Amino acid sequence: MGAHQTQQLSPAAASAWGKTSDDGGPGWLPLWQHLADASDVAQRLWQHWLNDAVRRQFSAALPGGAADGPGLVAWLAGLHDIGKCTPAFACQMPNLAGRMRRHGLNCDDNRINADRRLAPHALAGQILLEGWLVDHHGWTASAASTFAVVVGGHHGVPPSDKELHTARHLDHLLGTGPWLTVQRELLDWMTDRCGVRDRLPAWRDVRLPQPVQALLTGVIVVADWIASNQEWFPASYTADADRAERGWDEVDLPSPWHAVDLDLSPDDIIATRFGLPAGARAYPVQRAVIEQARQMTAPGLMIVEAPMGDGKTEAALAAVEVLAAKFGASGCFVALPTRATSDAMLSRGLTWLERLPDQDQERGAYAVALAHGKSRFNDEYGILRMSGRASSIGVDEAGVDLAVHRWLASRKKILLSDFVVGTIDQLLFMSLKARYVVLRHLGLAGKVVVIDEAHAYDVHMSQYLDRALEWLAAYRVPVIVLSATLPATRRQAMMRAYDDGRLGPTPRRTRRTSGPDPYADLAGDIGYPVLTTSGEARVPTVRTAASSGRAVSVRVSRLDDDLDPLADLLADQIGRGGCALVVRNTVRRVQETAVVLRERFGADIPVFVAHSRFLAPDRAANDRWLVDRFGPPTRATDRPQRYVVVASQVAEVSLDVDFDLLVTDLAPVDLLLQRMGRLHRHDRSRPAHLTAARCVVTGADWSAEPPEPVQGSRIVYGDADLWRAAGVLWPHLDGGRPVELPKDIPTLVQAAYDIPLVGPADWHSAMREADKAADTRRQRHRTQAGAYRLDSVDPQATALIGWLAAHIGDADARGDDARGRGHVRADSAECLEVILLVRRDGRLHVPDWVRDDPSREVPTETSPDSRLARSVARCTLALPQMMSSRLDAVIAELEARNCFPAWSTSHWLDGELVLDIDDTGYARVAGFDLHYDATDGLTVTRVDG
């Protein structure tokens with residue numbers, strides 16, 4: 001925009017200021033120029049960055065269709081800061097406000113300074129735009145508010161009705177007289193500049209749907225942030241016709257991936273994308289998923305239930321290509337239960353991406369992101385981050401760049417990257433009332449979403465997941481859900497939630513009366529492996545697939561919960577050769593078991609420990625070691641002759657490990673089956689006495705009726721699910737019929753969660769009481785989730801005013817996702833993360849076994865250099881939930897003894913808490929004795945019992 005365009009503005013309008021220099025210098029930017037910058041950026045976002053799926057959302061809401069979309073986006077972006085043309089905003093810079101006074105724009109500074117918080121410029125902008133549309137263009141207030149709320153929400157939280165009502169009556173903040181004239185002039189000027197004046201009559205009767213309002217707000221936020229970056233758009237005005245183009249080139253956003261379905265056979269697509277040898281054939285489930293994706297006529301939900309090891313993840317990625325090509329998506333988000341599983345998935349995803357075709361042979365890089373709070377410590381991801389901008393990464397052998405775009409990879413924008421792997425939390429945050437949640441919606445709206453390990457999400461998390469599915473459906477996002485052990489109630493709930501989002505809420509009469517339930521046919525055992533896909537209206541389709549042919553017959557027996565019988569069993573079985581996995585439900589039981597077994601076996605049978613209470617680098621090293629020793633035969637070429645691994649639940653999720661014998665604490669049946677999936681997982685030679693798969697269930701007093709689980713298991717899972725697991729396994733125990741995997745998976749899972757009473761009749765009275773307690777607990781979680789969960793999509797297209805009332809602030813505060821995780825994971829086993837360092841001779845050191853530079857201590861009077869700071873920050877450790885009862889005391893004590901103001905200048909260390917241990921690994925904090933070593937992780941004991 002050049003100087004000739006300012007000639008259209010009066011001197012008063014041109015005097016309004018919009019930006020000051022970031023460095024505190026004298027430079028400033030006229031408001032009109034910042035509005036023009038944002039409008040020009042938004043226009044380019046539409047042309048070069050937004051994908052077809054998102055653009056279709058906007059076009060479908062407008063009478064002119066695709067022709068209206070770019071004008072609407074540019075217009076609203078160009079008006080996003082119109083609220084800065086008010087006394088409430090102008091008075092913040094006295095020198096610039098004085099310039100405006102000389103043109104008749106006066107303000108009462110004393111009165112304004114006392115009240116200005118009541119009219120922040122985003123809220124003021126909503127009022128000005130809505131009033132202009134109603135008073136000068138004949139719009140109804142209800143229609144105008146669905147457009148104006150985009151302006152009101154561009155700082156992350158739209159205003160409430162109360163805030164709007166209060167501010168509308170504060171003329172001294174919004175402006176009168178000459179202020180009104182200038183405000184109207186700027187509104188008219190931007191409307192003409194964007195060429196949409198003749199569209200206002202056609203838009204007058206439009207009520208933008210809520211999903212469109214949210215996506216528009218997201219686009220405007222992105223445009224504003226880019227236009228506010230003074231590296232790209234300097235805060236000083238000079239006549240510069242190339243300002244917008246040059247700034248856009250500096251941003252260097254990647255263009256959308258244009259997927260292409262090459263119509264390869266399922267065998268060929270699996271083989272070529274995942275580097276399988278020539279002639280390799282896809283598993284039946286993989287063929288079914290790809291074929292089902294090709295048959296879908298509209299974006300929908302596909303739930304894939306298939307055994308562990310049948311290639312569900314590869315099938316889902318292959319389907320991403322198909323669905324993206326059909327429906328205009330430009331990337332995908334793969335959600336997993338934990339950071340560790342996300343890290344592992346990144347490697348697999350990058351292999352797939354390197355072979356991914358694109359219609360645009362000349363495109364730049366795919367922007368890749370790893371989305372969790374500790375992603376900066378992932379070495380593979382770090383390599384992609386090193387260059388800074390996507391365009392400067394070298395081309396790989398397939399001709400596609402894989403890179404991390406520095407600007408997109410920041411916390412709030414990370415889901416805007418093309419291809420994202422991350423924890424399920426990042427998806428659940430989509431349904432959390434959090435500031436800038438619209439950016440998560442915008443990032444996900446143009447993708448295919450894959451949700452892996454869906455059985456791993458508890459009642460509380462499921463409340464947020466179901467609401468996320470509603471919004472994804474409203475955005476017409478294809479979703480693929482993967483699980484080996486999914487209860488039918490969750491199958492039904494997820495399908496209902498998705499259909500509610502795309503079709504509107506289920507009529508209340510269907511839920512209240514005995515009328516037909518459209519999801520009744522999804523109850524119970526509907527086959528296995530099975531694909532359930534949303535269909536026309538509320539009629540999902542069910543398609544069974546053949547099994548891969550892998551089958552394991554597991555003999556199941558009981559063992560009293562005593563460490564001596566366990567040691568005897570392992571001495572007998574593993575002493576003759578073989579590898580055993582012992583899974584405990586709590587870290588304390590893992591550690592206690594390992595101590596006893598090591599004392600018993602000495603060097604004859606090595607014992608390894610794996611759980612979540614290790615330093616981040618130690619946990620990653622443990623996972624690698626487990627797969628290297630007990631993974632697929634092609635990788636685990638040095639499998640031990642005899643070994644015992646004692647692990648917590650980390651062994652049941654996504655680790656491709658294979659054992660000869662399993663001993664497990666009693667757990668919910670779906671988790672027991674996941675653990676059994678680590679038995680005889682791969683074809684390999686085994687000791688003669690362990691050629692038959694065997695699972696021993698302990699962790700309960702089996703003489704009680706019903707069996708009495710150990711206290712730790714009851715706290716984690718509750719009696720109801722544990723007794724139901726015992727009940728459905730009862731016919732299989734101690735010489736009963738072996739559990740046939742995968743054949744028995746659906747039968748056992750659905751029986752455990754659907755049949756009112758299972759197991760011997762003598763258990764039923766206690767089970768009824770346990771079920772009541774479980775129902776109460778589930779209702780409590782629903783209530784807790786409801787307080788901070790987004791409302792469902794309103795089919796009446798009301799404005800998103802008050803949409804985020806009682807919001808939590810930033811879900812990803814302090815550079816991590818701790819605040820948001822606390823809401824979406826109510827039963828987390830962690831209470832606080834700290835950095836663990838060793839104090840030696842009064843000085844701090846990174847633990848010897850993880851530090852990169854053993855010759856250096858950690859300075860406390862100055863900020864460590866970047867390399868050392870990263871080494872320090874990698875040493876994060878989760879303190880257990882048992883310490884939450886004294887959490888304030890723990891924090892206060894750590895802050896008192898390890899307060900280092902100099903660290904505030906390090907982005908790695910600012911705000912982090914430090915736990916210092918001595919050379920023996922010991923520390924005492926707030927009445928807890930703590931001990932850490934690289935072999936067993938963190939142990940915690942309450943001093944006063």
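Ala-926 counts as buried, at 17% relative accessibility (buried means under 20% relative accessible area, exposed over 50%, partly exposed in between, with a 1.4 Å probe and protein chains only). Its phi is positive, about 50 degrees, although Ala-926 is not a glycine. Ala-926 sits in the loop between strand E25 (922-925) and strand E26 (928-933); helices (H or I, at least four residues) and strands (E, at least two) are DSSP runs numbered from the N terminus.

Asp-734 also has a positive phi of about 50 degrees without being a glycine. Asp-734 is partly exposed, with a relative accessible area of 40%.

## Model and conventions

This is a predicted model, in which local features need pLDDT of at least 70, side-chain atom pairs count only at pLDDT 80 or more, and totals for chains, interfaces and linings use all residues. Residues are numbered from 1 along each chain as its sequence is written, and side-chain values use heavy atoms, with hydrogens and water left out.

## Open sheet

Seven strands form an open sheet of mixed pairing, in the order E14-E15-E13-E16-E17-E12-E20; two strands pair if DSSP finds at least two bridges between them. Strand E14 (607-610) and strand E20 (739-741) are at the edges with a single partner strand each, so one side of each has no neighbour in the sheet.

Strand E12 (residues 552-558) and strand E17 (residues 693-698) run parallel and are joined by five bridges. Val-554 stands opposite Ala-693 in E17.

## Cis peptide bonds

The peptide bond from Tyr-528 to Pro-529 is cis, with omega near -10 degrees. Another cis bond joins Leu-741 and Pro-742, with omega about 10 degrees. Pro-742 lies in the loop between E20 and helix H33 (745-754).
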